[in-house]
Structures are given as structure tokens and as C-alpha cells.
Amino acid sequence: MKTLKNMTVALSLLGSLSLFSAEVEVLHWWTSGGEAKSVGALKTMLEKSGHTWKDFSVAGGNGVNAMTVLKSRVVSGNPPSAAQIKGPSIQEWAELGVVSDLNEVAKAGKWDERLPKMFSDHMKYEGKYVAVPVNVHRINWMWVNPAVFKKAGATIPKTWADFEVAAKKIKAAGFIPVAAGGQPWQEATVFETIVLGVGGADFYKKALVDLDLEALGSDTMKKSFDTLKMVKSFTDKNAPGRDWNLATAMVYKGEAAMQFMGDWAKGEFKVAGKVIGKDYVAIAAPQTNNKYLYNIDSFVMFKQKDAEKAKAQAKLSELILSDEFQIIFNTRKGSVPVTDGVSRDKFDPIAINSINQLNAAAKSGALLPSMAHQMAISDSIKGAVVDVVTNFYNSKMSSSDAAKLLVDAVKNEM
Ligand code: BGC
């Protein structure tokens with residue numbers, strides 16, 4: 001009897017699994033060591049819930065390549081179930097009527113109560129949730145190899161003037177001061193960090209969020225461009241085209257002293273087995289202490305012909321905002337939980353510092369969306385801004401010409 005009862009239970013369980021199980025094809029660009037390990041956590045959790053994960057990864061930092069592939073899949077009428085999409089692009093996709101409404105899952109999971117409003121607003125279109133946030137990354141970090149600094153007799157800089165002094169010493173000692181990846185999005189990442197440091201939070205907001213033409217053409221913007229060129233002069237000649245994770249490796253291998261990169265870099269230090277405090281440290285990039293450029297990864301679910309798939313999409317969304325996932329994923333990825341109230345126990349000192357800096361910045365008005373990581377302005381304007389930065393970075397253009405071009409580029413797109 002007992003065995004029969006067990007069998008019935010097992011069969012009905014199986015039945016319910018297969019009845020509700022569907023495949024979720026997930027488009028993402030998390031292919032570096034740390035990124036792959038992080039997204040692996042989501043795959044495992046989804047599969048444990050009885051659904052199937054179909055991986056659709058498109059390599060290329062910042063998702064530049066992934067977004068191109070996504071567009072062609074949607075245009076051909078065959079969108080993936082879920083795609084990593086961020087910032088104002090979420091609303092742009094929603095406007096086309098191709099994305100699923102996640103409001104029911106959001107209500108059941110109390111997303112409005114658990115997410116800071118500033119972040120949940122990014123996830124909504126016409127007041128309804130159409131995206132699920134995964135994490136909060138901070139952009140304006142400086143990743144440091146303390147042993148290289150020590151060997152060069154240099155001090156870890158807090159201002160751009162100190163940076164120049166330190167970088168000269170590091171270069172003289174035979175090391176590469178700054179590990180850089182010469183790709184437009186990486187150059188833009190360093191640029192926006194400099195704009196925040198040189199101009200301050202209000203200036204950053206005016207220039208790169210509100211697109212105020214006066215700020216874009218100002219002396220402060222010229223100074224930011226000059227600082228960018230100064231930083232470039234401390235990079236090596238093999239930087240063009242280099243992937244960000246290879247630049248991170250230069251820091252932990254002791255070839256370079258610093259990298260300016262968002263905290264997904266921490267995922268690489270971790271998979272390489274490096275120890276915080278001993279092998280590497282992370283502090284705010286010069287002049288950006290208590291200022292915070294945020295970058296939220298999120299997934300949008302695309303409407304599917306097969307209605308069963310909606311259940312798997314809802315499950316995926318629900319899992320992403322569970323405390324369990326927020327902890328596993330973010331401790332691997334280098335980011336911090338996007339939901340309030342998640343236990344900090346498993347987070348390292350860099351993540352705790354990130355949370356503290358985020359709270360301080362929120363209070364002082366210095367919590368700002370990253371332009372380079374698609375959080376602040378539409379993709380087309382962002383593209384125009386990044387083009388100017390890259391052209392300046394890779395030519396002999398003067399900073400006043402760059403500031404003028406920036407104004408023109410934004411005017412043309414508005
Ligand atoms: C994403 C991160 C990712 C990084 C490098 C950023 O835009 O938000 O999740 O790790 O690009 O690919």
C-alpha cells in the first residue's frame with residue numbers, strides 16, 4: 001500500500017513537472033569566467049524548478065554584440081524567451097508591443113515593496129513591470145594590485161593629480177600603470193568615471209543624463225577629456241581591441257597596477273582565486289568617493305507563440321528576485337542585491353562598501369545612472385556620445401574640438 005501511495009505521489013509529481021515544464025531560451029552576454037559562473041546559478045535554479053534552460057550567449061562586453069543579434073531575431077519573428085536588456089531600451093522594446101507583462105508575478109512577489117523606486121521605475125512601462133532586475137553594479141571603481149604599487153613606491157591615488165604622480169612612478173618601475181581594453185564601451189566607461197570625478201555629481205547629471213548642451217560644451221567637459229587622454233598615456237600599446245577581462249588579468253598577474261572598470265571585474269579576481277586585501281583592492285576611482293554610477297542588469301521576456309512558455313518566463317522572473325538567487329548570483333558576479341533586506345552575511349568587504357556607498361550616494365543625490373552602460377539615455381544618443389569619446393581617444397583631436405563635437409552629436413540626435 002505504502003509503495004503504491006509513494007508511486008502515485010511520484011507519478012503525480014512527474015505529471016505536474018512535465019505539464020508545466022517549458023523551455024526558456026535566454027539571451028545574455030555573460031561569457032567571461034566570472035560572468036559564466038554567475039549565470040550558471042540561474043540555469044541551475046531554473047532547471048531545479050522543472051523547466052529547461054536553452055543558452056543563447058553572445059560574447060562581447062557590454063552587450064554590444066548581443067543587442068545586434070537580438071534585433072535580428074525579433075525582426076525575423078523568432079525572439080528568445082528572455083533577453084538581457086537594460087535602461088531606456090526596456091521602454092523602447094515595450095513600446096513595440098513585443099514584450100510580456102510581468103505585473104502578476106511582480107504583485108505576487110511584492111516587487112514594489114522590495115525594490116527601491118528609483119530602480120523599479122527602470123523596469124516599468126506605462127506603470128507595469130515589463131522587466132525583472134538582477135543586480136546593481138557600480139561603475140566607478142578602481143581595481144588595484146597593491147604589490148605593484150609597493151614595488152614602485154607609489155601611493156594609491158584619491159585624486160586625478162595624485163593618480164598622475166603614482167602612474168609616473170609605476171611606469172618608471174617598469175609596470176603598466178593602467179590595464180586598458182581599447183573598445184569603445186570600455187573607453188566610455190573610463191570617460192564617464194572621469195566626468196563624475198572631475199565635474200561632480202551635479203555636473204555628471206547635467207551633462208550625461210539631462211544632456212544639457214552648455215554642460216556638454218563646458219570647460220569642465222574639456223578638462224574631463226584632457227584627463228581621459230592623460231590616463232590613456234599610462235596604458236600600453238597593446239590595449240586596442242583588448243577584452244575587459246584580459247585587462248583585469250593584467251592586474252591580478254602583476255603586469256599592471258590598476259584598472260578602471262565596473263565591479264563585474266571582481267568576478268574575474270574571484271575565479272582566479274585571488275584574495276581581497278592581499279592580491280587586490282578596490283576603491284572608488286579618483287574623486288568619486290561616496291558617488292555611485294549604477295548599472296542594473298535586467299531581463300525582458302518576449303511574447304511567445306507557445307503559451308506554455310509564459311509559465312516558465314514567470315518562474316524565471318520569480319527566481320531572479322528570490323533572496324537565494326540574489327545572494328548566489330551577486331556574490332559571484334561582483335554586484336550587490338537589487339532588493340532591499342537581503343542578508344549581507346555572505347558578501348565580501350568590497351560588496352559591503354558598495355552597499356554603503358550606494359546608500360550614502362542616494363542620500364546626497366550622487367546616485368546616478370551610468371551612461372556607458374545604457375542606463376541614462378536612449379541607445380541612439382548614447383551611441384553618438386560614445387562615438388565622440390572613441391574618436392577623441394584614438395586621435396590627436398583637441399579637448400575643445402571633442403567638447404564641440406559632443407554638443408553637435410547630441411543636438412543631431414535630439
Ligand atoms: C553588464 C555586466 C557585464 C559587463 C561586461 C555590463 O554592461 O551590465 O553585467 O558583466 O557589461 O560584459
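A polar contact is a pair of N or O atoms within 3.5 Å; inside the protein, one atom must be able to donate a hydrogen and the other to accept it, and residues adjacent in sequence count only if both atoms are side-chain atoms. This is a predicted model, in which local features need pLDDT of at least 70 and side-chain atom pairs count only at pLDDT 80 or more, while totals for chains, interfaces and linings use all residues. Residues are numbered from 1 along each chain as its sequence is written, and side-chain values use heavy atoms, with hydrogens and water left out.

For Asp 297 the distance from a side-chain N or O atom to a ligand oxygen is 2.7 Å, and for a polar side-chain atom of Asn 295 it is 2.9 Å. On its own the ligand has 310 Å² of accessible area (Shrake-Rupley method, 1.4 Å probe), and the protein covers 100% of it.

Around the ligand there are 13 residues (a heavy atom within 4 Å), and Glu 35, Lys 86, Asp 297, Lys 333 and His 373 come nearest. This shell divides into four nonpolar, five polar and four charged residues, where Asp, Glu, Lys and Arg count as charged, Ala, Val, Leu, Ile, Met, Phe, Trp, Tyr, Cys and Pro as nonpolar, and the others, Gly among them, as polar.The space taken by the ligand is the second largest cavity, a cavity being a set of points on a 1 Å grid over the protein atoms alone where a 1.4 Å probe fits but cannot get out.

Technical notes. 1 Å grid on protein atoms, 1.4 Å probe; cavity = no way out; pocket = protein on both sides within 12 Å on 5 of 7 lines; lining within 4 Å. Sits in = over half its atoms within 2 Å of the grid points.
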